[in-house]
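Work through the exercises below with the sequence and the 3D view side by side. Try each task before you read its solution.

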Amino acid sequence: MSLRVLASGALTTVQDLGRPGLAHLGVPRAGALDPPAAALANRLVGNAPDAAVLEVTLGGLVVTTDAGVWVAVTGASCPVDVDGAPRGHARPAWLAAGSRLSLGAASSGVRSYLAVGGGIAVTPVLGSRATDTLAWVGPPRVEPGTRLPVGPVVGPPAPHDTPRPPRPGGLRVHPGPRVDWFAPHALTTLCGSTYEVGSASNRIGLRLEGPPLERVRHDELPSEGMVLGAVQVPPDGRPVVFLADHPPTGGYPVLAVVEEADLWQCAQLRPGEGVRFTRA
Amino acid sequence: MGGTDATGQTGPVHLRPFGPHALLAEVADASEALALATWARTVGIAAADVVPAARTVLLDGLTHEAADDVRARLAHWSPTTAATEAGPGHVVEVPVVYDGADLAFVADQWGTDVEGVVARHTGTAFTSAFCGFAPGFAYLTGLPEELAVPRLDTPRAAVPTGAVALAGPWCGVYPTASPGGWRLLGRTDAVLWDADRDRPALLAPGTRVRFVRA
């Protein structure tokens, strides 16, 4: 069976847990930017945690199916309907053969996740179905007309699930490997200020505007391996939080590293919204 | 590069914590980085990613216990013992048509002519030290520092797939067409990157590389 895509909004990609372990070949890890939301969507339709889902940016996805299937939408809040009849957010819904599922414009957050029972079964690339938007390793982006195969159902839908815990507050950070390249107060500045999410933010990084982080070393740093959540600081002093599609290596010093469990928040922050950091 | 890390450990490798799950090992140069990365894979360090670079190796996805293990083992590590344990990498021959736009510039920089550049390039035993910039883009060592060439001041908007190029002391081959500021020597039909292959990157770190005239 398969889904057919009628509309795909600003950006829709197939995502799963990503393909870690290939950074030494220059391949980003990719994977869902809001892993707890993707995991919840999979649980709701009875999928394994590694099943592939669709990551929809700011809503606007419309799909039809050629066979009945359970679906669930999580992550950024958006109106969900089946053939015009509203369906709940974060609960399983039955999509009958020939029916049309629509995700309206997201009212808050950025990325919604659509899971289908059996998972999106496009051919894996290097062990994963995730699309990396830096080097475009993985399946191509989802466009109107794309036909997406759906895998065999492995379990029943789960009608109830624990909602995600409330926002813990700021993004918790650990000191980075190049903290000595910065003025002694740089970490205090990072953790004592509100930064604003820049409009160039994407799956590669959350670009932030705010008090510049002052460097004391201005020589060139030879490129070095980067981790998920690294807070890299280019010469303009404005931090970038590295997300799933970050380049595997980078040449700007890393002041701090965001706790991995907090990174899902970066997937849902809109340009202009504020973000705060706290010491882990 | 000697050093003392946060635990007071001394040795040829300086370890910097890179968040709660990673260590950044600082070494003297790219060949030591490659040796350390090869060693880490050979002895089975429990890292999800081992990423060599110009002067560092990132060991990412470490548990607390694995990080302790790395600290203990690296106290006695040296590039020479590592090379003995790992052995040499396999050799790849890359056929090149030497018709690059910057051949004359490189000849001038090296104080020779175009034939001299080709002879030097085909006569050099290169090693892939690390990948970066794009999937399968390998930084190849082998040229001496005195043959380093400057990058273009303004990168070209489009460098074709298979372009063989130099920047600083590095040689590289573009796996896909992209903008680029490296000095072009020629081009190859060799497929540098193919995600469907067993070895997706032709020039994975540790691979030995010989360029031959096509």
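**Exercise 1. Find the order of the strands in the five-strand open sheet of chain A, and state how they pair.**

Solution. Step 1: read the order as S2-S3-S10-S5-S8 (chain A), with antiparallel pairing. Strands here are DSSP runs of E, at least two residues long, and helices are runs of H or I, at least four; both are numbered from the N terminus. Two strands pair if DSSP finds at least two bridges between them.

Step 1: find the edges. Strand S2 (12–15) and strand S8 (93–95) of chain A each pair on one side only.

Step 2: check the twist. From one strand to the next it averages 30°. Axes are lines fitted to C-alpha atoms, for helices over the stretch in contact, and angles run from 0 to 180 degrees between N-to-C directions.

Step 3: look at one pair. Four bridges join S2(A) to strand S3 (residues 53–57) of chain A in the antiparallel sense. Thr12(A) has Val56(A) in S3(A) as its bridge partner.

A note on the model: it is predicted, so local features need pLDDT of at least 70 and side-chain atom pairs count only at pLDDT 80 or more, while totals for chains, interfaces and linings use all residues. Residues are numbered from 1 along each chain as its sequence is written, and chains are lettered from A and ligands numbered from 1 in the order in which they are written.

**Exercise 2. Divide chain A into domains and describe the contact between them.**

Solution. Domain 1 covers 2–149 and domain 2 covers 171–279 of chain A. Such bounds come from an automatic or database domain assignment.

Step 1: take the distance. The C-alpha centres of the two domains of chain A are 28 Å apart.

Step 2: count the contact. Domain 1 of chain A brings 20 residues and domain 2 of chain A brings 15. Two residues are in contact if their C-beta atoms, placed from the backbone, lie within 7 Å.

Step 3: name the elements on the domain 1 side. Helix H1 (35–44) and strand S10 (108–116) of chain A each supply at least two residues.

Step 4: sort that side by class. It has eleven nonpolar, five polar and four charged residues. Ala, Val, Leu, Ile, Met, Phe, Trp, Tyr, Cys and Pro count as nonpolar, Asp, Glu, Lys and Arg as charged, and the others, Gly among them, as polar.

**Exercise 3. Trace the four-strand open sheet of chain B.**

Solution. Step 1: the order is S3-S4-S6-S5 (chain B), and the pairing is antiparallel. The edges are strand S3 (14–17) and strand S5 (49–52) of chain B. The twist averages 20° from one strand to the next.

Step 1: S3(B) and strand S4 (residues 22–26) of chain B share four bridges. Leu15(B) stands opposite Ala25(B) in S4(B).

Step 2: Helix H2 (residues 64–74) of chain B lies across S3, S4 and strand S6 (56–60) of chain B, at about 20° to S4(B).

**Exercise 4. Describe the side of chain B that touches chain A.**

Solution. Step 1: count. Chain B gives 31 residues to the contact and chain A gives 23.

Step 1: list the elements of chain B with two or more residues there: S3, S4, S5 and S6. S5(B) gives the most, with four residues.

Step 2: sort the chain B side. It divides into 22 nonpolar, five polar and four charged residues.
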